Amino acid sequence: MWSRLGRPVYLVDRDDQQLLRAKEYIEKLRAESQVPSLGRWGQIITSPSQDLPKAVSDSWLLVECVPESLALKRKVIQQLDDLAHPDTIVASNSSSYTITEIIQDLRVKQPDRFIGLPKLRGTNGKMLKAIEIMGSGQTKPEILSRLVEETRNHGFKPFQVHRTSTGYIYNRIWAAIKRETLLTLAEGVASPEEIDSIFKDVLKTPKGPCEQMDVVGLDVVLDIEQHYADVRQGIPEEPRALLRKMVAQGKLGVKSGSGFYDYSESSKPRD
Ligand SMILES: NC(=O)c1ccc[n+]([C@@H]2O[C@H](COP(=O)([O-])OP(=O)(O)OC[C@H]3O[C@@H](n4cnc5c(N)ncnc54)[C@H](O)[C@@H]3O)[C@@H](O)[C@H]2O)c1
């Protein structure tokens, strides 16, 4: 979407295969016209990690998208702050850690240029336009207003978080759905099939909460829920206990072949 107005976009990753896959995926999205360009598409420039300084010096906005580990995010954000021109905006795509938590205790030279910018991701492979925007409390107001304008111009649907929050708007709501689903399961009130079936029937969504958690990965769901429990009062223990039990059994969801459902080859219907 950042290439829709014809501007070039750098993709930097330490894994060359990921860069190839990302480029193919972007071509597919463009061909499907899920997000049509407004004129000609900007160039996608794939760069290995050693070319990071060049990508940073050419860009007005840097968005880190490394895996959801606070230590890794801090390391990358520090690196970006060290490399970037003072006018460059530095953003995190993290949907569970706020930018305030990420920059806490870092020795950044420009504390007022950081912003949380998680792009929501669909569960059925479709592009979503929703993007949340949250400052750190120190973020310059003009950066917030510029990003609202730029995201809208690039075809996103921006949602500015009104005040610093423990989690983004959508993630807080989704966390509550996951938590109550896990509690319902832990109490033996309903099975995953029943919960997903009633959820899809009422809300007309393609996946129910158990199916969605299996896609995200139950270890990741546990990390996110643990993070909420660490920073907020009153988060019940039972949902995390159920997740810990499943993770200890190797049930991580789709990626491990089983979670709430069985994804192994042997479970697939034969022709
Ligand atoms: N807003 C949302 O709805 C939403 C949804 C899912 C994920 N996310 C966020 O996106 C981010 C990435 O998640 P993902 O699922 O795409 O992860 P992923 O593991 O699929 O991709 C992360 C990429 O980072 C690369 N990487 C790891 N360490 C690196 C380093 N030190 N330098 C350069 N590249 C490095 C990996 O090679 C990989 O290509 C996370 O912060 C996550 O919270 C947001």
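Predicted model: local features only at pLDDT ≥ 70, side-chain atom pairs only at ≥ 80, totals over all residues.
Visitor: Is Glu64 buried or exposed?
Guide: Glu64 belongs to strand β3, residues 61-64 (strands are DSSP runs of E, at least two residues, and helices runs of H or I, at least four, numbered from the N terminus). Buried means under 20% relative accessible area, exposed over 50%, and partly exposed in between, with a 1.4 Å probe and protein chains only. Because its relative accessible area is 3%, Glu64 is buried.

Visitor: With which side chain does the side chain of Glu64 make a polar contact?
Guide: Contact means heavy atoms within 4.5 Å, and, leaving aside neighbours within four places in sequence, Glu64 has contacts including Lys73, Ile77, Ala91 and Asn93. A polar contact is a pair of N or O atoms within 3.5 Å; within protein, one must be able to donate a hydrogen and the other to accept it, and residues adjacent in sequence count only if both atoms are side-chain atoms. At 2.5 Å, the polar partner of the Glu64 side chain is the side chain of Ser92.

Visitor: How much of the ligand does the protein bury?
Guide: An oxygen atom of the ligand is 2.5 Å from a side-chain N or O atom of Asp13, and one is 2.7 Å from a side-chain N or O atom of Asn93. Val66 has a backbone N or O atom 3.4 Å from a ligand oxygen. Taken alone the ligand exposes 860 Å² (Shrake-Rupley method, 1.4 Å probe), and the buried share is 73%.

Visitor: How many charged residues are in the shell around the ligand?
Guide: Of the 18 residues around the ligand, Asp13, Glu68, Lys73, Asn93 and Lys119 come nearest (a residue is near if one of its heavy atoms lies within 4 Å). Asp, Glu, Lys and Arg count as charged, Ala, Val, Leu, Ile, Met, Phe, Trp, Tyr, Cys and Pro as nonpolar, and the others, Gly among them, as polar. The shell has six nonpolar residues, five polar, and, as charged residues, seven.

Visitor: Which helix holds both Arg146 and Glu150?
Guide: Their side chains meet in a salt bridge at 3.5 Å, N to O (a side-chain nitrogen of Lys or Arg within 4 Å of a carboxyl oxygen of Asp or Glu). Arg146 is partly exposed because its relative accessibility is 34%, whereas Glu150, at 10%, is buried. The two residues are four apart, about one turn, in helix α5.

Visitor: What is the relative accessible area of Lys204?
Guide: Asp201 forms a salt bridge with Lys204, with the closest N and O atoms 3.9 Å apart. Asp201 is exposed at 52%. Lys204 also counts as exposed, because its relative accessible area is 64%.

Visitor: What distance separates the C-alpha atoms of Val247 and Gly259?
Guide: Val247 lies in helix α10, residues 238-248, and at 25% relative accessible area it is partly exposed. Its contacts, leaving aside neighbours within four places in sequence, are Leu218, Asp219, Leu222 and Leu252. Gly259 is twelve residues from Val247 along the chain, and their C-alpha separation is 8.6 Å.

Conventions:
Residues numbered from 1 in each chain as written. Heavy atoms only, no water.
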